[in-house]
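Good morning, and thank you for joining this group meeting.

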Amino acid sequence: MKEGKREVVFENIRYVDEHTHATWFRAHPKPGDILFVCKGSPGRVAMVPDPVPYCIAQDMVALRANPVAADAEYLYYRLRSPDVRASIANMHVGTMIPHFKKGDFNKLRFTVHDSISEQRAIAEVLRSLDEKIAINERIVLLLDEWVRSSFTAMAGQSRLLGEFASNIRKQVNPLDVEPGTPYYGLEHLPRRQMWASTVGVASDVTSAKSAFHEGDILFGKLRPYFHKVVAAEGNGVCSTDILVVRSNDPGLAGFVLAACASDDTVRACVAASEGTRMPRTSWKDLRSVPVIWPGESTARSFSVEVSMKSRFAGGLIRESRRLMNTRDELLPLLMSGKVRVREAEKIVEGIV
């Protein structure tokens, strides 16, 4: 389960045979149920999507709303409200690995709207924001797939990536940069996606960081098998566990992005990385990776297409961030009654 996702994200799942599934000692979740994480990150929740035969881990439970008392979607959003999450945080035990005792669900108390119709109206407003966010994410994924498949389909001669790009090594003190300057740590870089949806702020970190400019490529060098390679959004700073790569020719920036983010490039860096527990790649490894060079004309034309799609993806991601902020601001206000559904609908209509 991913934090902030409305529904379950099937990522890094394990498979069981039909017999194991049929005899699994725990009840199988049904569409409309809410998965609640009890161990590790207590209180994270997600809605169970359309019927999928699967089992859930022992560190989570499936909650099913009583249809007489609560709408399932409303309950999902209620569990995400700041006051309920604070209550869960106060109730879980453990410091290294916090966990919420399943028996404590009977002790968890919070108010709900009496009217089921009011509950559904509130959930609908919040869902409309989540659905728009999900659409944006799907488009970004399709753009990412287009770049990767188009690059893989290219034919030509093999040349070293270092012929087209350089490693920028400019360290800065985060305290010396302008307020609000973006900061990327490895935690902000998604796996195998060329554009990051989350970003930090430089003022939240203290040690020296690497500076980057808009259009640079951020390549995670720690545990390169995580495949964390993204296009930089604007100017900012990043962790020193990230290589800052810049195209030698601005007209080939899109081509260099696709080359750095390709599966073959990452595999080559993984194979050359040093260390067992915490393997690292380096610019020496990255610059030595052979990539297909389709010729000047094709490479420049492709690069323009990639840059256009990169700008489009960046715009969608920024819009999604605004939608998330609106949702997170409306959520406690709707639950507390400080904002009525009609008021919230007008706010949402102006941005969705």
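I shall speak about the chain as a whole, then a sheet, the helices and some salt bridges.

A word on the basis first. This is a predicted model, in which local features need pLDDT of at least 70 and side-chain atom pairs count only at pLDDT 80 or more, while totals for chains, interfaces and linings use all residues. Residues are numbered from 1 along each chain as its sequence is written, and side-chain values use heavy atoms, with hydrogens and water left out.

Let us begin with the chain. Its secondary structure comes to nine helices and 14 strands; these are DSSP runs numbered from the N terminus, with helices being H or I of at least four residues and strands being E of at least two. The C-alpha trace spans about 65 × 50 × 40 Å along its principal axes. Of the 352 residues, 44% count as buried. Here buried means under 20% relative accessible area, exposed means over 50%, and partly exposed lies in between, with a 1.4 Å probe and protein chains only. I shall also speak of contact, meaning heavy atoms within 4.5 Å. Among contacts between residues at least 6 apart in sequence, 76% join residues at least 24 apart.

I turn now to the sheet. In general, strands of a sheet pair through backbone hydrogen bonds, either parallel or antiparallel. In this model, four strands make up an open sheet with antiparallel pairing, in the order β5-β13-β10-β11. Two strands are taken to pair if DSSP finds at least two bridges between them. At the edges are β5 (165-167) and β11 (229-231), each of which pairs on one side only. From one strand to the next, the twist averages 25°. Strand β10, residues 217-220, is joined to β11 by three bridges in the antiparallel sense. Which residue of β11 is the bridge partner of L218? The partner is V230.

Next, the helices. Two packed helices are described by the angle between their axes and the distance between the axes. Helix α4 (residues 116-152) and helix α9 (residues 341-349) have axes that come within 10 Å and cross at roughly 15°. Because of that angle, α4 is roughly parallel to α9. For reference, angles under 35 degrees count as roughly parallel, over 145 as roughly antiparallel, 65 to 115 as roughly perpendicular, and the rest as oblique. The axes are lines fitted to C-alpha atoms, for helices over the stretch in contact, and angles run from 0 to 180 degrees between N-to-C directions. On the α4 side, the residues making the contact include I122, V125 and L129, and on the α9 side they include V341, A344 and V348.

Helix α5, residues 253-261, is mostly covered, with eight of its nine residues buried. Among the buried residues are F255, V256, L257 and C260.

In helix α3 (residues 82-91) we find A89, which is partly exposed because its relative accessibility is 40%. A89 and P42 lie 47 residues apart in sequence, yet their C-alpha atoms are 7.3 Å apart in space.

S320 belongs to helix α8. Is S320 buried or exposed? S320 is buried, because its relative accessible area is 6%. Apart from its neighbours within four places in sequence, S320 is in contact with I133 and N136.

Finally, the salt bridges. A salt bridge is a side-chain nitrogen of Lys or Arg within 4 Å of a carboxyl oxygen of Asp or Glu, and the whole structure holds 20 of them.

One of them links D216 and R246, whose closest N and O atoms are 2.8 Å apart. This pair joins distant parts of the chain, since D216 lies in the loop between β9 (209-212) and β10 whereas R246 lies in strand β13 (residues 242-247), 30 residues apart. D216 is buried at 1% relative accessibility, while R246 is partly exposed at 27%.

Another joins D83 and R78, with the closest N and O atoms 3.0 Å apart. D83 is partly exposed at 41%, whereas R78 is buried at 2%.

The last pair is K309 and E305, which meet at 3.2 Å, N to O. Both lie in helix α8 (residues 296-336), four residues apart, or about one turn of the helix. K309 counts as buried at 17%, and E305 as partly exposed at 32%.
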